[in-house]
Amino acid sequence: MAERDELFEGLEQFLQSLWTLAEREGLTYLADRDLSLTQIRTLLMLTMADAPLPVNRIAERMELSAPAACRNIHRLVRLGLLERRESREDRRVRLVSITAQGRELVDRHQEPRRAALRMLIGRLPDEEVGAFNTALHRLLASADLLAPTNPAKPTATDRATDPAGATAR
């Protein structure tokens, strides 16, 4: 167990140091756009989604009430960062996706993190890059390792809009 504790402490320190290098600039960029934390989280979530998500699914993932999620989404739509359209399968369902402008905002927010990662990787000796790369690929190959411990359950609306369950990620 001591080895796991040591790994935890080292990884936590590493990540805190890395993100500290980047967060001030990225957060300042978002703060200048007068976005709430919930709106930022919504944009980040939809950036990672493979397909448009129903409003109720966004509410579940964000742990918001449906009305709060709708207000959040409505403001982001007005800002041109999200788009909302009705589902072809069920016209009562509104599907939400990120726009090119929204994706650009998220990319701009994440660029300082990417720069910090590039700087770190550039400083590593080649043999450490290889070892780190091998360990990272093993972690990423284990899909359940990085899955949420309490994922939201698919709703009837999700199944209606995506029978394969792709939106249930």
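Which residues form a nonpolar patch on the surface? The legends below take that view and several others. The model is predicted.

**View 1. Five residues make a nonpolar surface patch.**
The members are F132, L136, L139, L140 and L145. Together they have about 460 Å² of accessible area. One of them, L140, lies in helix α6, which covers residues 126-141. With a relative accessible area of 41%, F132 is partly exposed. F132 returns in the next view, where its ring has a partner.

How many aromatic pairs does a search of the whole structure find? The search finds one. A pair of aromatic rings is described by the distance of the centres and the angle of the planes. F14 is partly exposed, at 28% relative accessibility. F132 is partly exposed too, at 41%.

**View 2. Three strands build an open sheet.**
The strand order is β1-β3-β2, and the pairing is antiparallel. Which strands sit at the edges? They are β1 (53-54) and β2 (82-86), and each pairs on one side only. Strand β3 spans residues 94-98. Five bridges join β2 and β3 in the antiparallel sense. Look for R85: its bridge partner in β3 is L95.

**View 3. R94 and E86 form a salt bridge.**
The closest N and O atoms of this pair are 3.5 Å apart. A salt bridge needs a nitrogen within 4 Å of a carboxyl oxygen, so the R94 and E86 contact qualifies. Are R94 and E86 buried, exposed or partly exposed? R94 is partly exposed, at 37% relative accessibility. E86 is also partly exposed, at 37%. By the same rule, the count comes to eight salt bridges.

**View 4. R57 and E60 pair within helix α3.**
Their side chains meet in a salt bridge of 2.9 Å, N to O. Both residues lie in helix α3, which runs over residues 55-62. They are three residues apart, about one turn of the helix. An α-helix has 3.6 residues a turn, so residues three or four places apart point the same way. Buried or exposed: what is R57? R57 counts as buried, because its relative accessibility is 1% and the cut-off for buried is under 20%. E60, at 30%, is partly exposed.

**View 5. Four charged residues link up in a network.**
D107, E111, R114 and R118 are linked by salt bridges. One of the links joins R114 and E111. Their closest N and O atoms are 3.8 Å apart. R114 and E111 both sit in helix α5 (residues 100-123), three residues apart, so about one helical turn separates them. R114 is partly exposed, at 30% relative accessibility. E111 is partly exposed as well, at 33%.

**View 6. Helix α2 spans twelve residues.**
The helix covers residues 37-48. From first C-alpha to last, helix α2 reaches 17 Å. That is close to the 16 Å expected at 1.5 Å a residue. Which residues of α2 are buried? They are Q39, I40, T42, L43, M45, L46 and T47.

**View 7. Y29 and V106 are 9.9 Å apart in space.**
That distance runs from C-alpha to C-alpha. In sequence, Y29 and V106 are 77 residues apart. Y29 has its place in helix α1. Y29 is buried, with a relative accessible area of 13%.

**View 8. The protein chain has seven helices and three strands.**
What pattern do they follow along the sequence? Read in order, the pattern is α-α-β-α-α-β-β-α-α-α. The chain has 169 residues, and buried residues make up 28% of them.

Technical notes. Residues numbered from 1 in each chain as written. Predicted model: local features only at pLDDT ≥ 70, side-chain atom pairs only at ≥ 80, totals over all residues. Heavy atoms only, no water. Patch = residues over 30% accessible without salt bridge, like charges linked within 9 Å, V, L, I, M, F, W, Y side chains within 5 Å. Areas by Shrake-Rupley, 256 points an atom, 1.4 Å probe, with all protein chains shown as cover. Helix = DSSP H or I, 4+ residues; strand = E, 2+ residues; numbered from the N terminus. Phe/Tyr/Trp six-rings, centres within 6.5 Å; stacked < 30°, edge-to-face > 60°. Buried < 20%, exposed > 50% of the residue type's maximum accessible area, 1.4 Å probe, protein only. Pairing = 2+ DSSP bridges. Expected span 1.5 Å × (residues − 1).
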